[in-house]
Amino acid sequence: MPDTKAKIALELNGEPVEVAFAPHKTLLEVLREDLGLTGTKHGCELGECGTCTVLVDGVPVLSCLVLGLACAGRRVKTVEGMAEGGKLHPLQHAFAELGAAQCGYCTPAFLLAAEALLAANPRPTRDDIKQALAGNLCRCTGYIKIYEAVELAAARLRGEVAEPSQESLYGRR
Amino acid sequence: MGAGEGRKVGRSERAPSNIPTVQPSLRVVGKAHRKTDATAKVTGATRFADDLFLPRMLYAKLLRSPHPHARIVRIDPSRALALAGVKAVLTGKDLPIPFGILPVSQDEHALALDKTRFVGDPVAGVAAVSEEIATAALDLIAVEYEPLRPVRDALDAVAHPEPRIHAYGDGGNLHKLINLEFGDVEEAFTAADLVREDLLFFDGNTHLPMEQHAAAADWSADGKLTLWSSTQTPHYVHRALAQVLELAPARIRVIATPNGGAFGGKSDPFSHELVVAKLAMVTGRPVKITLTREEVFYCHRGRHPTLMWVKTGVKRDGSITGMHFKSLLDGGGYGSYGVASTYYTGALQTVTYPVPRYKFQGARAFTSKPPCGPKRGHGTPQPRFALEVHLDKIAEQLGIDPAELRLKHLVPPNSLTANWLRIGTMGLGACIEKVVTGSGWKEKFRKLPDGKGIGLACSSYITGAGLPIYWNPMPHSGVQLKCDRGGGVTVFCGSTEIGQGSDSILAVIVAEVLGLDPFDIAIVTGDTDLTPVDLGSYSSRVTLMTGHAAIQAAERARDVIARHAAQKLGIPPERAAFADARVFDVERPERGLTFGEAVQLAEAAEGTVGTVGSYTPPPSAGKYRGAGVGPSPAYSYSACVAEVDVDAATGIVRVPKIWIAHDVGRCINAATVMGQIEGSVYMGLGEALMEEMAYRGNRNVVHKIPSLLEYKSPTTLEMCDVVTYVVEDPDPNGPFGAKECGQGPLLPVPPAVANAVYDAVGVRIDEVPITPEKVFKALRRKAKGEEPRYGPDRFPDILWPEPIRVPPPWEGGDGRAVEQSDGRTVGPKALPVGARR
C-alpha cells in the first residue's frame, strides 16, 4: 500500500514549484496537505459543489477531481495568488466591500471562477455571470452580493470609476 | 443599560417616551461596513477547523451503523487495532456518559452504547496516522447487530409504540406531548362568521453548510484538553466535554473556529467532537476529524418534517376569534433541541395578527432517522407556512384582499399576546405596504395571465430567547474590553462568527461608543479560555445580546477615560465627547486629546483600563410550564411577495422575483443586514421549491440522497431576483434599537410561493417543497374536477395530556396556569429551554 512519492514541477501562483506527494492524491489534497495552501476548500470531494475550484492554465477546474500528477508543467492559480504586492485583486476588494463573502468558505472558488469569466468576458451581463458561476454553491448569500461584486470588479478592471450602489448596501427604504 | 439609557456624551438626550431617540449623531452604527474578517476571507487566510495541521497529528474516522434500529450484540475492534498505523479504537463503553443539548434530553452517547437509532449513528472511532489507514481500519471492526423494527416517520411512530426507540419520553415512540390552552377556543369558534380547517405538511430539509463539520483536539502532558471545532456553541460543547470526559471545565479549552456556514446545524455538541477529544487523550497526540459530506447529512439536526392541522374562526371583516393548532413533528433518532422545536411550532402564531383565544397541541415522535433540530427559523417556518396559506384561503372565502386582511388586523405594538408574549415595536404594517407597493400587488393579484401568479405572506421571529437552555440566573452574554495605551481597543466575547458578521457587530458598537474606527478594534471571540461566556450563535440572539454587553463595557471604559481627559482639559466629564479617535470638549471641539493620550491619562491614574459588560434578557410575562419558549426581548417582522411562473405541462415552478421587507429595528451594519435578508430569502426559496431530506420507502429507512448533487439546493440558475426593503422601527429592548434579521426573512418565503402558485394555476399545494410532481398531480386533479389540491389528508389521533389552561391577559389571567379539573396544579414553572438559530 505505501506509495512511492511522485515529484512534479509546476507553476503555482506565478512561481516555479516542485512538490513530492503520494501519486493517488488529488490536486486539492496536494495543495492543502503537501503545499500548505489551505485557501482552497472542499465541500464534497465528489465534484458536486464547486468549492475546490482553482485555475489550471487559466481554466476553472474542480481540484478534487484532478490528479496532482496531471498538473505537471501546468500553471495553477489558487486564491493565495490573487492579491499582488499586498493589494487585493479588484474581485477580492469588491467581494469584501459588498459582503459577498459571508462565511467565506465558498469564496476562494467563486473568486477564481469569476476571474476566469472576466478574463474571457470583461463586460459580462448578469446572465453571463449566473452561467459562469452555476457550478459553485453558496449557502449564505443567495448569490446576489456575488453578482454585484463581480459587476463592480468588472467595471473597475475596465478602468471605470465604480462604487457600490446605495440600494445594494442599504436596500430600499 | 440600552444604548439610549446611559450617560451620553456629545449626543442628544433620550426622548422621554418609549420611542427611541432618532440619533442623527450616530457615526458608525447603521452604516454599511466591510466585515472585520472580510479581507481574511477573500484571501483564503481564514483558518477553518480542517485547515489546522498540528505536529504529529493523527486522523480520526467514525464507523457508522448500517441499520436504522438495532441492538449491538458484540463489537470486536481487535483486527482494526492490529492494522499498522492504527493508534486507537474507541467504542461505546469508552465514553459511557450520555449527553444532549437540552437538560431534558440527555439521550445521546458519543458512540452507541447498546443500540443504534438511525443509519449513520456512530458506533466506533479510530485514530490512525493517515485518513486512508483510519478508513481502512473501519472495515476491520466486527460489529454484530440484532435488527429491531425501525420507525419510518411520525405517523408510523404514532401507530407503533413498540419497540421503543428510547426508554424515556411521553409514551411509546412519542418523545414529547404538549397541550396548551389560552382561553376557550370552542366558544370562540361559535362566535365566528367563518370557521375553516386546513391540513398542511412541511417536509424536512437540512442546513447544508458548505463546510463539512471538522474538529481537532490536543491533550497536553499537564492534563489540559484543547478542542478546535466548527461549532456555533463553544460554551455548550465545553459543558458536554466536561460531562462526558469527566474533566474539570477549567482544564478544557474550546476554540470555535470560524464556521463555514452553520444555519443551526453546528449548534449541538456532536459525537465527533467528543470522540476526537477522547482519542487525543488516549493517544497523547493531536487528532483531527473531518466529516465527509455524506456524514454531514447524518449529523443533520435540520428542519423537522411537520404535519399540521389548523382551525381558525374569523369574523366577516377577517378578525380572528380563536385558533386551534396541532403539529406532529418527526424528530429522528435523538432528542437534540426537539422539545424546544416542538414548542416553537406553536409559539409564534400569535405575534402577527391578534388571536384572542389560542389552543396548541404539539407532539414530537422518535423515528429511525438522523435527528432533527434547529435550522434557521427553528420550528417556526413550518407553522408560519401553515398559517399564511390558511389565511390566504380565508381571505379568498371572505372576499378580502389578503394584503388588506393582514393590514387590517395587526398585533398592536407594546402589547401582550394570548400566550403571554410581550410585543415591543411592530413594523409589520410598514413591511406589508412596502412589498405591496413595490411589487405592484394591486395591479397583479388575481389579474395575471394563466400560469403567472403572485402571492403574499408575512412572519415574525424572536431576537434571542428569553431563557437559557440550561437553567441558571447568569447573564446570556458577556464582554470584556481592554483599552491599549497605543489607542487600540480589544473586545473579548464568547460569541461565534459563523459568517453572519457577529465580530463586526462588536467592532461597530464599540467604535460608536468610543469614537473610533471599527478597524481600530481588535476582536477576540469564541474561545472559552480567553472570552467571557456568550451562549452561542443561535436563536438570532447575538446582535442584541452581545450588542448590549458591548455597549455596557464600552460605556464603562468611556466613563473612566472621560474622567481623566476632562480633568486634563479642565472641563466637567459630561463635556468630554468621543469621535474621530479623539476625546474633546463638545463645546470647543478643537480642544482635545487623541484617544490614545486619553487612555494613557486614565491608565496612569487608575491602572490598566479594562471593563466588562453583560446582558440578561428581561423576565418573561408567562409563568406556565412551557412559557420558556417564545418570549424574546424583541420580535422582528417580515413581509414577502413572490411572483411565480408555473408550467402546467410539467408542473415546474419558477420564481423570477421576490420582494421582501424586514423590520430590523435598526441596522448596526447595513451591509450585513442586506446579506442576512437576501440569504434568508435564498434559503426560504430552496425550502419552498426543492430541498428535502428523502428516505427510501422500504423498511431500511436509508437516506436516499446524502450528496450535494442529489439534495437539490438553488444554484445561480434557480435563485430569484430580490428587492429588499429595510424597515427600521427601533425597539427599546435592542442595542441602538436593533432587532434580528438572520432568520425571520426566511419564514414568509415558502407560503408566499405557495400562495402565488394558487394565484397562477388555481391549485393549492399544501406541502413544502412544492415540487413539479405535486403541482402536476394537483393540476391533474383539477382537470378531472376533483379537489384542486396536493397535501396531507389526515392528522392522526393522539392521546393528548390534560391541557395546561392559561387565561389570556384580557381574561383576567396573571400568566400562570389555572388548576386543572382533576385538582392537579400545573405550573407555575417555566421550562428552561431556549430558542436557537
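Let me begin with chain A, which is divided into domain 1, residues 6-79, and domain 2, residues 90-170, where the bounds come from an automatic or database domain assignment. This is a predicted model, in which local features need pLDDT of at least 70 and side-chain atom pairs count only at pLDDT 80 or more, while totals for chains, interfaces and linings use all residues. Residues are numbered from 1 along each chain as its sequence is written, and chains are lettered from A and ligands numbered from 1 in the order in which they are written.

The C-alpha centres of domain 1 and domain 2 of chain A are 23 Å apart, and their contact takes 16 residues from domain 1 of chain A and twelve from domain 2 of chain A, two residues being in contact if their C-beta atoms, placed from the backbone, lie within 7 Å.

Turning to chain B, we find an open sheet of four strands in the order β21-β20-β19-β25, with mixed pairing; strands here are DSSP runs of E, at least two residues, and helices are runs of H or I, at least four residues, numbered from the N terminus, and two strands pair if DSSP finds at least two bridges between them. Because β21 (521-525) and β25 (609-615) of chain B stand at the edges with a single partner strand each, one side of each is left without a neighbour in the sheet.

Strand β19 (477-483) of chain B pairs with β25(B) in the antiparallel sense over seven bridges, and B:Ser477 has B:Tyr615 in β25(B) as its bridge partner.
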